[in-house]
Amino acid sequence: MAAYSSLVSLSQTLDTILAGELPISLIGHNLESLREKVSFLQQFLENSLRKTGDQAAAAHLEAKIRDVAFKAEDLIESCTSDIVPESETHVLVPKPEFKLLVPEPETNLLIPALPKPETRRYQDQDFLRAFLFLVLKNVVIYILAQILFNFVVKEFVSVAHRKVMLDSVQILMYVAFVLSLTYSVSKNAMEVRTRPASPRHSLSNDAVEVRTTPSPLLAVEENVKSVKIQYVQSNSEPEDEDLCKIIEMVGSIVQEVIKTMDGNGTDDQKQTRNLSPAGSSSVDDYSVGGGKNVVVGFESDLEKIRTRLTGASSKREIVSIVGMGGIGKTTLARQVFDDSYIVYHFDTRAWVTVSQEYSLRQVLIGLLDSANILTEKMYDKREEELADCLYKALSAEDDCNGSRVLLTTRLTDVALYADSFSPLHKMQFLTEGESWNLLCKKVFGGKDCPSELEDIGKAIAQNCGGLPLAIVVIGGLLSKESRRQEYWRSLAENLSSIVSKDDEQCLEILGLSYNRLPQRLRACFLYMAVFPEDYEIPVPKLIRLWAAEGFLKPVAFKSMEALAEEYLDDLIERNLILVSKWSANGKIRTCNIHDLLRNLCLRTAHKENFLYAVKYSNDVLKQGTGITPRRLSISPDFLSIQSEVLFQSKTHNSRAHSLLCTGARLIYTPRVYLGYRLLRVLDLIIVRFLHFPAEIAKLINLRYLAFTYNEALPPSIAELLNLQTLVYHNWTFGKCPFLPVEIWMMPKLRHLCVTPSGLPVPCYELLLGLGDLQTLSEVRNLRCSDGILGRISNLRELGISYDVSPTIEWSEYQLEALVNLHQLEKLKLLFKFSSHASKIVNPPVLAFPEKLRELTLAGCGIPWTSMTIVGELPNLEVLKLRRNACRGTNWEPVEGQFPQLKHLLLEEIDLVQWEANEAHFPRLQRLIMRACYKLKEIPSGVGEISTLQLIKLVDCHPSAVSSALRIQDEQDSMGNEELELYIDLRRFLKNKFYSRIIH
């Protein structure tokens, strides 16, 4: 159920309003009452899951909680969105001075009336009564303390010291009395003056309408940057009444929950509740992470497929692997593809995934890219030309070269259509022994199953029907939960009624894993359905979306990003999310989800009104009739149709909170419907706008905004005061627009990701800062002055590019001041040369903060001797030196430096001689060299680094390749078979534009 995530999201909204961060007309004590009830329901869902009893009743209760939470949040955010200004006047004030504010001609303004006189009188009376009560209370406490202390002194202190003791303590007690009284009075005064309006003393709901004329208005501003005249909500009574009704509904649900809890008070039921995953936070030593690739029962299949692929026949053959979803077709194919003998046998290998909804162009590009024959020019070719390039590159004009095609499909008809003469390799279900073996590996790792769980475990494995995916998912569930017999027996009984011999019944098994997920993970798992099938999901984007949606319950002293990473790791360990690619720093770069699990997410999300995926024109028409779930995921092919239908709809009244359009290419559409006033997430990064949509500035509830627009951002973007993530792409090459200076007035902004844009210098001290900003990339020609860095002092990730010209003065940019970003962990510095400059004559002075973990340098041209400033960084784990990052032909690192470096990339570096051993890089794990043509030998000392796992050479000198082979042979002779060597002598080409589009 989505009940828990809806409560978490609602509580975050209430906390924001109660903290005074959003203007709203609703009565404050009503919101406080609602907040208390929401907290209670959250705790109930966290500590009680539907394990026994009436499952239907429990599901009905969760549905009621979800629906009322949705209604409450919609009402509150509707009130917030109603306060969006329809017209504003901004006046920049760089320093205290007189400024003329000229309102627009004939502007109607609604200005809230001041508190009525009787309201202020009631507040004064409240303060006086509270003051007298506090004085009386403190006096009584003081007298009682006096009496008690005098008694103690007379009884236990000698006569000689009694007088001194009494005098000293009298003074201390008097001081304490005065301080206590002062603190209590000041605190009460603050509470009285900031107390929300009540029915007896409230602000007037009336508003005064003022009509302004084009006469100048003189104003003095000393402490603010801008003056805003805006429309405000004139009447809040209907919203207050609606809120009271919702609070009554929540209250009735709370009473129902209390009765449910009282009814489940027997010892047996309490014991059963203790088995709940939500309440179980401990995992014993048998737990094992599900992220490891465990394969069981495919030995015979692997040998048969390998024999067919490497057979003596010189004719091209198609080998098809057929079986139901989740039976292990892709796992087997990947095993074959990566098999060492297959790698040796075939000169060229390529891998591509064809989804049910696919683009032929993307399939061809994927094959060319996987085969390392893709060039930048190919992106401009038509499909027929791409197919011809692939045909020629694979030498397909000769059908007798021993080529093979390995195909996996669920459909026998597809396999027979590909090659009706080739025998099909049909996947079989695992035997009971293989099923039990696989389950043990997923649950216990290399340890034995406890004897008391063995019989129940074998029953669970048997009830999975020999389907590997079901066993892996159930194993992930068991590896994270209790090791009690009662819990395992309950799961076995639920599985016994399902026989997984087709996709639909397999979904029932996978549904058990979802139903037993902790409440905090359910919404995050269902959200995976917003992405297309077989889509590689960038993890940073996923994390920011989860945060914007309000799925993450705040934890003290832990950032939202760190919390989201924990959620993701948990889902991966449960085998519900798959890792696609790893980053150089050991973190997950991209992930995906099995298509059967995605179908489970879609089906459950639709049922709970959590998400609707628009894929066909019929879906679009259905949306136009007013069926509006909380989130809409729209296929790029139907976005324009969706917009046309909704623009023409007269009955459309959307409550959608998210609109996402995800794909692998830019699309152009004449208009996009943005009439969803409650939007929190708007992800249209693949949609190219020719004009800035004015409706965006009115979406005051937005937390996540991503779009492509080929002009500079307007100042109105700063009206999105709740925005956490802004992703802005501008593909007008040759131009570098500046962000508006108002960007500094968005204090909640955490991630600012833009194509190269200039960051403006803030106006003196009158602008706010971006104190919460975590990510800033990629800004152009950033001046690292105190006025800028001081306002982004909490940055963790920074990307900067500089335009290099012959006349550039690096002192203006103060790059050495980067050392003052004490929280910075990832830094990318790119120096791009103009047509008049090919290299840097006078390199900039660089300095880096000690917390830095990942550093990328390109084009800066610093001498190799200056690399000591990098080597001294105590926490550096990843170092990437790209094109002309360093100047010179000889690198002699200093012993004892780079103490934590694990990943070293050298790309297009003019290095000729290099000394390296374990003393220079004591913890190096991966060495990657690309296009280093002048380096003829890898230092032999590299092989002495005990932690080294990989040497990868792409387009390097043949002599360097020979030296790497010698290093591997030496390590093999010493018994170190862990060192992996990867060699690719094709020209290294990478299209950065394409990769940035899809991510």
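Visitor: Which residues gather in the patch of negative charge on the surface? Please take that part slowly, and then lead me on to the salt bridges and strands elsewhere in the chain.

Guide: The model is a predicted one, and what follows should be read with that in mind. The patch of negative charge on the surface is formed by Glu918, Glu944, Asp969, Glu970, Asp972, Glu977 and Glu978. One of these, Asp972, belongs to helix H27, which covers residues 958-973. Asp972 counts as partly exposed because its relative accessibility is 36%, a value that lies between the 20% under which a residue is called buried and the 50% over which a residue is called exposed.

Charged side chains also meet in pairs, and the structure holds 36 salt bridges. In one of them the side chains of Arg680 and Glu73 come together with an N to O distance of 2.7 Å. Arg680 sits in the loop between strand S14 (667-668) and strand S15 (681-689), while Glu73 sits in helix H3 (residues 55-81), so this pair ties together parts that are 607 residues apart in sequence. Arg680 and Glu73 are both buried, and they belong to a network of salt bridges that links Glu73, Asp74, Glu77, Arg630 and Arg680.

Asp388 is partly exposed, with a relative accessible area of 35%, whereas Lys392 counts as exposed at 52% relative accessibility.

Another salt bridge is formed by Arg853 and Glu877, whose closest N and O atoms are 3.1 Å apart. Arg853 lies in the loop between S21 and strand S22 (854-858), and Glu877 in the loop between helix H26 (868-871) and strand S24 (878-881), so the pair ties together parts that are 24 residues apart in sequence. Arg853 is partly exposed, its relative accessible area being 37%, but Glu877 is buried, with a relative accessible area of 16%.

Turning to the strands, S18 (residues 751-757) is largely enclosed by the rest of the structure, because seven of its seven residues are buried. S18 pairs in the parallel sense with strand S17 (residues 725-729) over four bridges, and Thr725 stands opposite His751 of S18. S18 also pairs with strand S19 (residues 775-780), again in the parallel sense and over four bridges, with His751 standing opposite Thr775 of S19. Glu778 has its place in S19, and the peptide bond that leads from Ser777 to Glu778 is cis, with omega near -5°.

Some details of the loops complete the view. Asn372, in the loop between helix H11 (360-370) and helix H12 (383-393), has a phi near 60°, a positive value in a residue other than glycine. Asn609, in the loop between helix H22 (595-607) and strand S11 (612-614), has a positive phi of about 60° although it is not a glycine. Asn372 is partly exposed, with a relative accessible area of 36%, and Asn609 counts as partly exposed at 35% relative accessibility. Ser811, which lies in the loop between strand S20 (797-804) and strand S21 (826-833), is exposed, with a relative accessible area of 57%.

How values were computed: Residues numbered from 1 in each chain as written. Predicted model: local features only at pLDDT ≥ 70, side-chain atom pairs only at ≥ 80, totals over all residues. Heavy atoms only, no water. Patch = residues over 30% accessible without salt bridge, like charges linked within 9 Å, V, L, I, M, F, W, Y side chains within 5 Å. Areas by Shrake-Rupley, 256 points an atom, 1.4 Å probe, with all protein chains shown as cover. Salt bridge = Lys/Arg side-chain N within 4 Å of Asp/Glu carboxyl O. Lys, Arg positive; Asp, Glu negative; His and termini not counted. Charge placed at Lys NZ, Arg CZ, Asp CG, Glu CD. Helix = DSSP H or I, 4+ residues; strand = E, 2+ residues; numbered from the N terminus. Buried < 20%, exposed > 50% of the residue type's maximum accessible area, 1.4 Å probe, protein only. Pairing = 2+ DSSP bridges.
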